[in-house]
Every structure is written in C-alpha cells, then in structure tokens.
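Here are my notes on this model. Please read them with the structure open.

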Amino acid sequence: MTAEAAGPSTTDPNPRTWPAQVPLADLDFWSGPQAAREAGFAHLRETWPMPYYPEPESPLEPGPGFWALTRHADVAEATRRPEDFCSGRGATHIPDFPPGFGEFFGSMIEMDDPRHQRLRRIVARTFTPRMIKKFSDDVDRTAKTIVDEVAERGSCDFVTDVAARLPLRVICDMMGIPEKDHRFVFDRSNVILGVADPEYVPQEGGGHIEALLTAGAELAELVKGLAEFRRGTPIEDVTSALVNAEIDGESLTTDELASFFILLLAAGNETTRNAISHGLWLLTDNPDQRRLWLSDFERYAPTAVEEIVRLASPVVWMRRTTTRDTDLNGKRVRDGDKLLLFYWSANRDDAVFADPGRFDVTRDPNPHVGFGARGPHFCLGAHLARREITLLFRELLARLPDIRRVGEPQRLRSSFINGIKHMDCEFTPTPRA
C-alpha cells in the first residue's frame, strides 16, 4: 500500500492507495488549520472519494487499513446496509479491540441486530412522556442557571464555563448522579475521548490504553454503585427506570447499564458541548446570521440548530466493517474491509448542500448526517441534543446578545471528535436575572 500524489490509478478500479497531500491517518492533520481539512476533503470528494489509508499509529496491533468514505451518497448508502457494513466489529475505533472492549465503551453503537435492537428498545421505552417532560424542564432551568452564573463577568472560557456544563449536568441529572460527582464524570469523559491529547493523558510512556481503561472502570463503578442503590430506593431518573423496570420481559444488566452511561457521556455530553462551542464560533464569524437569528429567535431556531450541527459535525466519523464481498456505489470492497464514514466531509458535499461552507441559519432542507445517517444507529438522543442547543442559545442571545469568541480556540487532538477544549469569549456584563 503506497501514497500517491496525484489521482488514483486508472488501471486498478480499487487501488489501495491514498493521496499524500491529504494525510487522514496523521493526527497532525486533524490538529492543524480547519481550512486545510476543508480543502483536503474537497479534493477527495472531487477526485478520489474513496481512498484507502493505512491505519494510524496505535498501541494495539495495526490493521491493514481503511476505506475513507467522503461523499454524502456513500456515507448514506453504507449506513442503509447494516447487513453488508456492520458495527459489531468496531464503530468508534480504527484498530480492532479485544472482544468486549468496544462494547464496554460504546454500548449499543458497537452492536448489530438483534442485540443492538434489544438494547435500544429497552432504553428508548424507558423515556416515558412524563420523564421527557421533566428532562425538558430541567434543560430550561439549567440553561438559565449557567448563563446567570457568567452574566456579570464580561468574559469566560465558553467551553468549560458554558458549553460543557449544560449537557454534563443534564446527563448526570438524568442518571441521578449527585452534583458532587459531576467534576469526576467530566474529567473521566475527557480522558476517554481525549486519550490522544496531552492535556488529558500524558503522551510519554505509552500509557494510553491504561488511562482509557482506568477512566472507563471508574465511571462504571460509579454507575454500578448507583444502580445497586436505586434497586431498593428508586426515584424519577433513568437509572431507577432501567434497573427496576422490565420491558417485554427484559431489562439491562448492571454491566449493560454501565456501558450505556459511558455511551451517554460520549454521545450526549461531548458531542453536544462541541456543537454548542462551534455554534458560538460560527455566530462570531458570521454577524449577519447572528443578526438574522436575533431578529426572530423562535422562527429561525429549528434551522439554525440543524445548520450548527451540520458544520460542527461533532463526531467526525464512524467505522463499519464489510461482512461479505460487495459493491458500494461502484467500488468493490472485500469481506473484512474497514470503512470510515466521514460525516464531517459528507456534511460539506456540494452535491447535496449549495455553498456548503456557508453558515446559513435559514438552510432548508438540510439533510446533514451530524447525528449519523438514517439507519438503525441514528442518534437516539438527537431530540434532546437539539433541545439543549436551542435552549442554551435562546438564553445566551437574550441575555448576552453580543457574546463572541476572542482569540483562537484550542482544539482537541483527535480525528474522531471535532472538539474544542477552550475558547475565550467576551460580552457586555449584565446583572443576574
């Protein structure tokens, strides 16, 4: 397998080569300027939409490589065919993990039907209308509290003081995690999704896997202890519902509950906080769109939130594995081949989105794949994420209408999460509500 500087071979319809100028397997590519990534993916979509890359360096045994799906049509097609492109052999990681490792950190994301369907059904039916109403009210109150706590200051770190706090508190409250443990949960989730970032895990000494396992085990112990307590003393939270209710004669085991909590932290906490962070970045750089949204918040909120998620694409990719020799939009792939579905690139495909780099709070339709493409693994928490983003920006733009980022954000060193670790912001101080 070799890198090539021009285009794919004209004699081999399935060349296992990649363009050297777009090094998707190099972490430095992901921590560099966003403009370079945008140009690189535009080049791939136009001239080489499905290159084959070597796997990045890893403490685990490297595999043969992966196909990079960069066009919207290819990502959507692979997602629609779970019988050909499965999740159970790895979804959130490129190297092949030991058995059980992926499910521990990814829960139902790392499963195929019927096991995936069983777990999803149990979790989904736990969210009764009464519980959803309670969570919605909690999101509204929490958003007001968070903005109230920074309103008088005139500046803050938008990520740690605002964007990260809302989804973290909502998820912890949903699960019944006491407030004294919120910081503990925040720190461990940063390790799990920031294992390649030196701010969260020292990069010397090769302790990445140990740090990942330790953080996961500590979160699992926290929720297992809570689950045991809630079996005898239930309250109106998700943990109590999951450990005490049988749905169609089934309930989650304690291990399944622990893995589901870790998934919630990754899918519900990290992704929503990064969408919110990118949202302020986009509003700062596009003052005309800020003015338009401010002119009628409720009118533009639904389309503005979808546009934030599209351009943020908090989860950059998900993996699938080919289950048999088959074709994917004219490309022949073999049994066992790995595919990375690059949502970040699909959401900028000009075959689907007019002027895809433009932030347009009125964009409609907006068939983005920021919550995953349509299929069995479409994000179960998409509705909650949309509500969190909407309510926080409603409060921010009403109370601090001139809030803006200042300086350059500090990005997470990751190819998987389009993360922002820190981002300074300024605004006119206002009294507490």
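Contact here means heavy atoms within 4.5 Å. Helices (H or I, at least four residues) and strands (E, at least two) are DSSP runs, numbered from the N terminus.

1. Basis. This is a predicted model, in which local features need pLDDT of at least 70 and side-chain atom pairs count only at pLDDT 80 or more, while totals for chains, interfaces and linings use all residues. Residues are numbered from 1 along each chain as its sequence is written, and side-chain values use heavy atoms, leaving out hydrogens and water.

2. Helix α10. This helix spans residues 208–232, 25 residues in total. From first C-alpha to last it reaches 38 Å, close to the expected 36 Å (1.5 Å times one less than the number of residues). Its buried residues include His208, Leu212, Gly216, Leu219, Leu226 and Arg230; buried means under 20% relative accessible area, exposed over 50%, partly exposed in between (1.4 Å probe, protein chains only). Among the elements covering them are α4 (101–106), α8 (165–175), α9 (182–193), α11 (238–244) and α12 (254–285).

3. Core. The largest nonpolar core has 129 residues. Such a core is a set of buried Ala, Val, Leu, Ile, Met, Phe, Trp, Tyr and Cys residues joined through side-chain atoms within 4.5 Å. Leu24, Phe158, Trp293 and Phe342 touch the most other members. Helix α12 gives the most to this core, with 15 residues. Leaving aside residues up to four places away in sequence, Trp293 touches Leu283, Tyr300, Ala301, Ala304, Ile308, Phe393 and Leu397.

4. Helix pair. The axes of α14 (residues 297–312) and α16 (residues 382–399) come within 10 Å and cross at roughly 125°. Axes are lines fitted to C-alpha atoms, for helices over the stretch in contact, and angles run from 0 to 180 degrees between N-to-C directions. The pair is therefore oblique: angles under 35 degrees count as roughly parallel, over 145 as roughly antiparallel, 65 to 115 as roughly perpendicular and the rest as oblique. The contact involves, among others, Phe297, Ala301 and Ile308 of α14 and Ile389, Phe393 and Leu397 of α16.

5. Cis peptides. Please check two. One joins Asp113 and Pro114, with omega about 10°; Pro114 lies in the loop between α4 and α5 (115–126). The other runs from Asp364 to Pro365, with omega near 5°. Pro365 is in the loop between α15 and α16.

6. Positive phi. Ser313, not a glycine, has phi near 40°. It sits in the loop between α14 and β7 (317–322) and is buried, at 1% relative accessibility. Asp355 has phi of about 45° and is partly exposed, at 47%.
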